[in-house]
Amino acid sequence: MSLIFAKPGSKVRLLTVRAGRELKARLAALGLMPGVQMEVLSSGQCGPFVVAINRSRVVLGRGMAQKIEVE
Amino acid sequence: MTKKTKITVALTGNPNSGKTSIFNGLTGARQHVGNYPGVTVEKKEGVFKHCGTEINVVDLPGTYSLTAFSIEEVVARNFIIEEKPDVVVDIIDASNLERNLYLAVQLMELGVPLVLVFNMSDVANAMGLEFDIKTLSERIGVPIIPTVGHKGRGLEELKETIISVAQSKFKQKIAEIHYGREIDKEIAEIEDLIKNNDDLVEKYNTRWMSTKLLENDKIVLEKVNSDEIISAIKKAANNIETIFGDHPEIIIADHRYGFISGVCQETVKSTAEARHTMSDKIDSVVTNRLLGIPIFLLLMYLVFYLTFTLGESPMGWIEGGFAWLGDFVAGLWPGGSESVLKSLLVDGIIGGVGGVIIFLPNILLLFLAIAILEDSGYMARVAFIMDRLMHKIGLHGKSFIPMLIGFGCSIPAIMATRTLESQRDRLTTMMVIPLMSCGARLPIYALIIPAFFPQAWHAPMLWIIYLIGIILAIVSAKILRSTLFRGESTPFVMELPPYRLPTTRGVLIHMWERGFLYLKKAGTIILGISIIMWAMTSYPKIPDAKLAGLGPEDAQKAEISYSIAGRIGHALEPIIRPIGFDWKIGTALIGSFAAKEVFVAQMGIVHSVGEADEESDSLREKLAMNYSPLIAFCIMLFCLVSAPCMATIAVTKRESGSWKWALFQLAGLTALAYLVTLVVYQTGQFFI
């Protein structure tokens, strides 16, 4: 499913990112890689998402969250 | 082995890894800020001496990787590759080790003399992380120094290590990273081709270069001029995509993380699971959907309240000092005598520059507050909170960070738009940044507000002015985004750094830098313009015949009206009358185009030149006698919105790449200022 449907507090695994090469590599530098475990801290309710990957917190806009497949 | 007496060290690291605290710790106050050639990214340098060796430290911009996505990354990478510093020190936030090691691994690939600093090791230990630094260091072949940057712990050891690495006392055996059999094979093949190409071999590490080529790095690709190599890269990339089903750079990144988690598993012990931290708890309140914006507005109000209340007494002292100085200098001439020099010193310089320096305490307090908000990590939250609103206008939260920097000064703010990926977002943000009221405009408000409004209204008034700026910026951005800069909004990704207690030293250094710039500006640009404005307000002198029969007050009026400034002001009057301004304000507005503070200086000059009595009232008293609170408010409004200063226009031109946008900004904001002030003044008159 898309990250946009993930509930706050849920733990998900990143499958793929549907984005251009450059954006994908930029996300990888932030630790957003296929296979990585993350926890949804806030699903924003029409605001941006906050996810926890290990010890970093990353903000993802809703448009971005839509492009991220998780399970 | 030759012993070097001069060493260059490059400091690199992820944003928010505490790089600045290490830099401050190493170099103390011996810093200087410049620019990298060709680009406007700030280049911070500092020097320290250790055991007879002079060490020059260059603080590179914070980056997450060595790929060339943003200008900061390009600058950092180019410095390391082209300038070949003797040692590269990578500052790592030990509490977020794996992500931070990603950059370290890329530096290892590059094969530069490397030292890793595990900064904030105290935070990491408190989180229940224990590092076997010796084993980790052996596994990767790079020395590791644990530090606590803001307490200065570990810095001596770091200095020792930097020198011994630079003197190559121990030969570095940096571990090689492997990306799996298939990719390693492709890299080796490309490397063979590169090795035959003499131009490339000389300058770059060939394995690193091959890896970058496979990663589709645009800047490295530009350096390759051989079709043979280019087609080999394409073939290799296609091979990898068919095998793995993803682009080579993703597979390579995956192997880097694999390498990192491999070494960490052996050497890092975690006694506690990664739990929700204190930062998360603070965030659940501060970035709350309902509370977020009110908290932001409240904090802003607090900043202005403190700027006024704490600034009042020191301002009084400085004002008293200048008043005394003015009387003292005037007293050097016999009473009632006319002297050009006396007028220049008392009216032009003390009245002009002095009037600007009076507001130094406010400026220091404002920058102190901004530094605290920035260092604590709150600014990133503001971007997050504002994202929902910004999204509605077609930008995203990240655009709000350059806008916040605009509270300090529009110039660094416009430069900061470089972090925005889309050109449309960048231009939109750049155009509206001057609406965020900058530090140079603060003296105008600080002069006017206490002159016209009761004590209880001081802070709210200032807050309202800043809010009007933000609202106008957002509205203008919306208009621009739906007309000139139409298009889809770009994806928003940003790291949320953990909250940190700002250090006294770090905050004071920030504040001092800005305060010093303000004084320097007062002593150079504003001094120069004040002298010009004084001359324009004093000359040409009116013939005595025309003064015959006039009282002292009327004579002063006639004198100023006869001067160049007076004539220009009078010529402007028909245009500015409808917004409530007289010709005196008109002259000050022209001066403020050079630098906003000049408005205050010129108001001082125009109200003191040719004054009859020596015992003068303060400028605020004079203003209160001459104008109504409505006009006062309109002055602030006009200064807030109107034409950005010359320096801002120059930066907009450079950053947008054309005069077109700079002039558009100038004309657009001036028109907007006129319109808004006209509406407020004309409606206001009905009520007052």
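Select Glu249(B) and Arg21(A). Their side chains form a salt bridge, with N to O at 2.8 Å. The rule asks for a side-chain nitrogen of Lys or Arg within 4 Å of a carboxyl oxygen of Asp or Glu. It finds 3 salt bridges across the interface of chain B and chain A.

Before going on, note that this is a predicted model: local features need pLDDT of at least 70, side-chain atom pairs count only at pLDDT 80 or more, and totals for chains, interfaces and linings use all residues. Residues are numbered from 1 along each chain as its sequence is written, chains are lettered from A and ligands numbered from 1 in the order in which they are written, and side-chain values use heavy atoms, leaving out hydrogens and water.

**The contact**

Now colour chain B where it touches chain A. α3 (97–110), α12 (248–267), α17 (378–392) and β10 (493–496) of chain B each supply at least two residues to this side. Helices (H or I, at least four residues) and strands (E, at least two) are DSSP runs, numbered from the N terminus. α12(B) gives the largest share, 6 residues. By class, this side of chain B has 18 nonpolar, 8 polar and 13 charged residues. Here Ala, Val, Leu, Ile, Met, Phe, Trp, Tyr, Cys and Pro count as nonpolar, Asp, Glu, Lys and Arg as charged, and the others, Gly among them, as polar.

Show both sides. Contact (heavy atoms within 4.5 Å) takes in 39 residues from chain B and 30 residues from chain A. The two chains bury about 3,200 Å² between them, 60% of it on carbon and sulfur atoms. That is accessible area (1.4 Å probe) lost on being put together, summed over both parts.

Switch to cartoon. Which strands make up the open sheet, and in what order? There are 6, ordered β5(A)-β1(A)-β2(A)-β3(A)-β4(A)-β10(B), with antiparallel pairing. Strands pair if DSSP finds at least two bridges between them. The edge strands are β5 (68–70) of chain A and β10 of chain B.

Zoom to β4 (residues 56–60) of chain A. 4 bridges join β4(A) to β10(B). Pick Arg57(A): its bridge partner in β10(B) is Leu496(B).

Last stop: α17(B). This helix lies across β3 and β4 of chain A together with β10 of chain B, at about 140° to β10(B). Axes are lines fitted to C-alpha atoms, for helices over the stretch in contact, and angles run from 0 to 180 degrees between N-to-C directions.
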